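Welcome! Open your viewer, switch to a cartoon view, and get ready to select a few parts one after another.

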Amino acid sequence: MTPASHLPILLSLSALLLSPLLTGSLALSPPRFTKVPVDMIGVSGGVVSFVCQATGDPKPRVTWNKKGKRVNSQRVETVEFDEGAGAVLRIQPLRAPRDENIYECVAENSEGEISVQAKLSIIRGKTKG
């Protein structure tokens, strides 16, 4: 074989090795949950925490919604971890019926968006009389 006859084989090999790098198929992936929140029962005046975390490439951002809107209250705190790919939703003090609802964790990156829901129920304490 002459050196020129090796050229098509070398070009084929380089195309096979480079194609995943050029298309980006090696790295990019939509979000997927690694920790999902579970339904909780809290006591009025107490505290509950929901935990949610996702993975993907690029690293997804996790946010919390209530009734389709970002949670926003002085009694509701969102603590991010894992550079925003995880978030704890903490509600304190619990107020019934205001806080009884379905909370939604949303994980989003450039490759997609997923969500999961968890329900919060609140037990009202007995009053002494």
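How many of the 9 residues of strand β8 (residues 101-109) are buried? Before selecting anything, note that this is a predicted model, in which local features need pLDDT of at least 70 and side-chain atom pairs count only at pLDDT 80 or more, while totals for chains, interfaces and linings use all residues. Residues are numbered from 1 along each chain as its sequence is written, and side-chain values use heavy atoms, with hydrogens and water left out.

**Stop 1: strand β8**

Select residues 101-109. In β8, 7 of the 9 residues are buried, so the strand is largely enclosed by the rest of the structure. Buried means under 20% relative accessible area, exposed means over 50%, and partly exposed is in between (1.4 Å probe, protein chains only). Strands here are DSSP runs (E, at least two residues), numbered from the N terminus.

Strand β4 runs antiparallel to β8, joined by 6 bridges; two strands pair if DSSP finds at least two bridges between them. Look for V62, which stands opposite A107 in β8. Next select strand β9 (residues 112-123), which pairs with β8 in the antiparallel sense over 9 bridges. Here V106 stands opposite S115 in β9. Follow the chain from β8 to β9 and you will pass through a hairpin of 2 residues.

**Stop 2: the aromatic rings**

Show the side chains of F50, W64 and Y103, which ring pairs link into a cluster. Rings of Phe, Tyr and Trp (its six-membered ring) pair if their centres lie within 6.5 Å; planes under 30 degrees apart count as stacked, over 60 as edge-to-face and the rest as tilted. The count by this rule is 2 aromatic pairs. One of them is F50 with W64, a tilted pair with 6.1 Å centre to centre and 40° between the planes. F50 belongs to strand β3 (residues 48-57) and W64 to strand β4 (residues 61-66), so their pair ties together parts that are 14 residues apart in sequence. Both F50 and W64 are buried.

**Stop 3: the open sheet**

Select β1, β3, β7 and β6: in that order, these 4 strands form an open sheet with antiparallel pairing. At its edges are β1 (29-35) and β6 (76-81), each pairing on one side only. Inside the sheet, 6 bridges join β3 to strand β7 (residues 86-91). Zoom in on V48, which stands opposite I91 in β7.

**Stop 4: the largest pocket**

A pocket is, on a 1 Å grid over the protein atoms alone, an open set of points where a 1.4 Å probe fits, with protein on both sides within 12 Å along at least five of seven lines; lining residues have an atom within 4 Å of a point. About 190 Å³ of space lies in this pocket, a volume being the space filled by probe spheres set on the points, which are joined across faces, edges and corners.

Finish with two of the lining residues. S73 sits in the loop between β5 (69-70) and β6, and is partly exposed at 30% relative accessible area. R98 is in the loop between β7 and β8, and counts as exposed at 56% relative accessibility.
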